[in-house]
Structure formats: structure tokens, C-alpha cells
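Subject: Structure handover

Hi there,

As promised, here is the structure we talked about. Please have a look at it first, and then read on for my notes.

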Amino acid sequence: MSRIGEQLVKAERITQQQLDEALAAQKRDGGRLGTQFIKLGMLEDDELVEFLSQRYGVPAIALADVDVDETIIKIIPPDVCRKYTILPVSKAGAKLTIAMTDPTNVFAMDDIKFMTGYNVEPVVASEVALTEAIDKYYGSTHSIELKKVMEDLTEGEDADLEVLDEDEELDLAALEAQSEEAPVVRLVNIFLTDAIKKGASDIHIEPYEKEYRIRYRIDGILYEMMRPPIKLKEAITSRVKIMARLDIAEKRLPQDGRIKIKTKLSGKVRDIDFRVSVLPTIFGEKIVLRLLDKDNLMLDMQRLGFEADSLRVFEQAIFRPYGMVLVTGPTGSGKTNTLYSAISRVNSPETNIMTAEDPVEFNLPGINQVQMKEQIGLNFATSLRSFLRQDPNIVLVGEIRDFETAEVAIKAAMTGHLVFSTLHTNDAPSSINRLMNMGIEPFLVASSVHLVVAQRLVRRICNQCKEPYKVPDQALTNVGFSQDELSDIQPFRGRGCDTCSGTGYKGRVGLFEVMAVDDEIRELILSGASAYELRQMAIQNGMTSLRLSGLQKIREGVTSLEEVVRETVT
């Protein structure tokens, strides 16, 4: 819409001075030029729409008076609508009518034509009406409204938040002076507390050549929240690094730190830890903050998502006096939560439990937790050797990364200790081969490992807007359902509501593959069997695979077909 300003001046709708003022505001704040005219009071919303309609010979549309059919809405994905600020309105034959703010945007129309296969016909609508309509039909994107945030900053409003020292807790009354601090301090506080309110697991602060964005990972999916002015990039980075006690002068090397805050949410004072990772990129330092919220730690194994038989086998293994229990899966699949649940379940005054973690994510009462410090030689193998001189009953090793750690852990499991640990493999049977590839002898693996759990996390369907829907039989059989059970399967999905911010999902649940190492599996391990052969034998002996665990969640209406397909393979 770069030429629209000149056309408005020529039509004497605005003056050249007003155009210059709007261009300066656009350069400063970003956004569309037409929006700046409205924001600065130079034009009314409907005046701009009427002008564009006349200028380009394109009909105008009042979206507030139109009720768009759901089948039309599904033609264009929500991220595309938000990218171009457009909305599908109606379809007649091969012609798709879309409402847009800029009818000259041929890139948007070409994209839609290529994506949908329809001929595109534009109609003009105001940006405000389009934004409201997109939120109405597709749901909110979770976004923090940047305009509101910037207003709050200039008015001195602040999130009720304080940074705590690692070893001390300050009084909340010390927050009184926050309103006098720099706006960037308040901005950082706003997105830290907003992430907690929205149940995010991570905050990504990302610099690019011409833009700066903040994203939250909510229920495993990244959502863009806001785009602060790029001029705040250095200030935001420095503020986060100061809070995490990192070196603000060091911009060439990665740094890791921790922020501990106390904040008041919904009338309750909560302590939250953020694990901070700073990584230099070509356009500045990218920061990822992992939220460690004790309130989100689910230690009740009944609620993690285990099937009844799998949970029974798992509990049998963790109550054994010795041996090794492995939990495997990719980063962010909930391995730490499962391990914490297990050691909390077996924790008692009679047991000595010691953990070696990198990092220690949550402090658990009654358990001796040790933070790894590679720079001074305190690694998993060193810690584990020391643990064995501390008379432990149960040992948790954060991760088996190398032969040295694996060797000490195996020996501990064979000398009367119960050992918990994690590996990074795709499924449970692959963990056995992974240990042998590290150099552990098959007879040691066979005699020490008692159980392997593989897991994934899938999003739960929102209970507030859950609805049944029809899925073709072919799609159900492709996923893994048998022909006999098709008539009994009723898939569900989330329609999208305020509770789930329009996504149709709220929270996550685990899919679990629990492989007990019984005598038949041991024989296969000793004979050098492949992961495939181990898998076939485990399934024959009653193991529920990750895909079968997902199918059970679909039967129960807990998650959707799409989520199970996204996280598992047949």
C-alpha cells in the first residue's frame, strides 16, 4: 500500500504533511500505512475502505454483517490468513472471494490461487474488521497485543514480578519502585508473566535482519506472540542476561544461566525458575527461556497417560531392589517428569535416593540432587562413582551419553542398586542396541536392564469445545485400526474456543511404550538380535507400542488422529 498515501493526497483526503507524519509513524512502529492514518485520526476506518473500493473498482464488505460458512473458512489455513490479513468469504464454482485490506497485493492472491486451486476475487475490508473476523473464525493466536503492551509501558503499568537470588527470597514490598524503571524492564516482566499465565513451556526471543520476534511454545507448538521494535533488541537481550547473571559484554559465545522469580498470579504467589540459554546468531543473540514451574510438575503416575497394563509393568520395575530402568524419547517428550514421578513414588524415609542432573530442574524433598558442572570435571560418570560411596538405594543419572557413564551405571545396577536414567532413541527396543553400540557387552545389558520406557507427548483435545466428527474409514485403517473395530470408533476434535485460544487443544498427555526385559528378550539380546526382532518379541509378549498407545487415546477421545500421526509411526 505504498502508493495509497500519494493517491489520498491527490484526492485531497489528506495533506502532504499528514502523509509525512503517517510515514514517520509507520517507520517507527511498523504495520500498514492505512492503519497509521486511522490511528492518527486522519481518516475513519470506513472512509479508507470506501476510498480503496472506489480507487480499485473492488467491492467493499462489512465483515461484521457477514456470517461466513465454516466450510469456506477451512479452505485457507489460519497462518496464511494472518500473514496476509485476509479472510475467505464465499465460494461460487471455481471462484473464491477473499476480503483483504490491500486489493493490489498480487503476491497474496497468487499464493491463495496456488494453494487452493480456485480463482481469487478480492473484496475490500478494514484491517480492524479483518483482524476481529480472523480471531472470531480461527480463534486467537495467543498473541500479546503489542499496542496494549506499549501503552502499558508508557503509562508505567507493570507485571507484579520480582527477581530472586538463587539462595534468598525478597519481600514483595520491594516491587514498589518498579514503575520508575526503564520501559524495557517492564516489557521483559510482561512477557515473562504472560508466558506463565498462558502455560508456555519455553519463550523464544529471536533477532532477524529486519525484525525481532517473541514466540511461546504452548502444548508443544510454537506461537508468535509479539514483534517488539527492533531498536529494543540490545536492551531486551541485556536485561535478560542481567536477570540470569550472565556476562552482558560477551556476545560471541553461548551462555547458560537461570532466573528465579516470584510473581503473583490469580491471587497466589508463585516461585518460577527460568532456564536461560543465549546463543549468538548472525543477527544478534537468540535467547530461549525454559519455564520450570513446580505447579506444572505432575507426579501422579495415574494421570501421566500410562495404559493400565503398562503402568502395572512400570511400577513392578521401579519397586525392584536393583537393576536399571531407562526412559527414552526426544527432547521435550516428558522424560524428566516420568523419572521424577517414579522416584517420588518410591521415595520413603527408608531409602537413600541420589540424582545427578544437568540441570536440576525441580527440587524434590527428601532426595539428594547434584548439579553437573562440566567445566570443573563434575560429570555424570564422576558423580555416579561418588554416589556409590554414599550408600545409596536408588540412583538417577540424568542421561547416559557415553561409554564411561553407561559402564558405571550398569555396574551400579548389578551391585544391588536401582538405577534410573534416560537415553535419546526413537523407541524402547532401540535403547538396547544403543547401549551395545556404546561398547557395553550384551551379557551386561541383558543382566542389568529390567525395563525400557519410550514416550512422546501429544496435545489433549479441549474439553470445553470437544466435538465428534466423521473420519473416512480408509484414514482410520491407515492409522492402524482394524476393519472390525471401525464401527466402534468415534474420533473427536476441538472446535476452538476461548479456553483453548482457538486451537482446539488444551494440555498434553503421554504416549508410552513399556518394554519389560523378560527371559525371552534376554535370550535375543545375548544372541545379538536387531531392534526389529526385539520389538516383534516385545509386542508378542504384550508390549503396547507408541502407535497403539496413541490409538487407545483416540478411542478414549483424549487426543486427535492428527496428533497421533504427528508423533508416532506404525
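Let me begin with the charges: the protein chain has 68 positive and 87 negative ones, and their mean positions are 2 Å apart. Please keep in mind throughout that this is a predicted model.

Now for the overall picture. The protein chain holds 22 helices and 19 strands, and its C-alpha atoms fill a box of roughly 90 × 65 × 40 Å along the principal axes. Of the 570 residues, 49% are buried. The chain exposes about 27600 Å², with carbon and sulfur atoms supplying 49% of that area. If you look at contacts with a separation of 6 or more, 63% of them are between residues 24 or more positions apart.

Glutamate 21 is partly exposed, at 43% relative accessible area. Leaving aside residues up to four places away in sequence, glutamate 21 touches Leu40 and Met42.

Next, the nonpolar cores. The largest one has 45 residues, and the members that touch the most others are Met324, Ile400, Ile432, Leu435, Val449 and Ile525. Helix α15 (residues 403–414) gives the most to this core, with six residues. There is also a second, separate core of 35 residues, which includes Val184, Leu187, Ala244 and Leu289.

Beyond residues up to four places away in sequence, its contacts are Ile400, Ala409, Ile410, Ala413, Val419, Ser448, Val449, His450 and Leu451.

Just after α16, glycine 439 takes a positive phi of about 115 degrees.

Helix α19 (residues 519–526) buries Ile521, Arg522, Leu524 and Ile525. Seen down the helix axis, these buried residues fall within an arc of 160 degrees, so they line one face of α19. The face turned away from that buried side carries the exposed residues Asp519 and Glu523. And what covers the buried residues of α19? The cover includes α16 (428–437), α17 (442–448), β16 (449–461), β19 (505–516) and α20 (531–540). Just after α19 there is another glycine with a positive phi, glycine 528, at about 75 degrees.

Most residues other than glycine have a negative phi, and most peptide bonds are trans.

- Threonine 85 has a positive phi, near 50 degrees, without being a glycine. This residue is found in the loop between α6 (78–84) and β1 (86–92). Is threonine 85 buried or exposed? Its relative accessible area is 10%, under the 20% cut-off, so threonine 85 counts as buried.
- Arginine 245 also has a positive phi, of about 55 degrees, although it is not a glycine. Its place is in the loop between α11 (233–243) and β8 (255–265). With 53% relative accessibility, arginine 245 counts as exposed.
- Aspartate 358 and proline 359 are joined by a cis peptide bond, with omega about 0 degrees. Proline 359 sits in the loop between β12 (353–357) and β13 (368–371). Its relative accessible area is 19%, which is under the 20% cut-off, so proline 359 counts as buried. Not counting residues up to four places away in sequence, proline 359 touches Arg258, Arg275 and Gln371. Proline 359 and valine 370 are 11 residues apart in sequence, and their C-alpha atoms are 8.8 Å apart in space.

That is everything I have for now. Happy browsing!

Best wishes

Methods: Residues numbered from 1 in each chain as written. Predicted model: local features only at pLDDT ≥ 70, side-chain atom pairs only at ≥ 80, totals over all residues. Heavy atoms only, no water. Helix = DSSP H or I, 4+ residues; strand = E, 2+ residues; numbered from the N terminus. Buried < 20%, exposed > 50% of the residue type's maximum accessible area, 1.4 Å probe, protein only. Contact = heavy atoms within 4.5 Å. Areas by Shrake-Rupley, 256 points an atom, 1.4 Å probe, with all protein chains shown as cover. Lys, Arg positive; Asp, Glu negative; His and termini not counted. Charge placed at Lys NZ, Arg CZ, Asp CG, Glu CD. Arc of directions from axis to C-beta. Core = buried A, V, L, I, M, F, W, Y, C linked by side-chain atoms within 4.5 Å.
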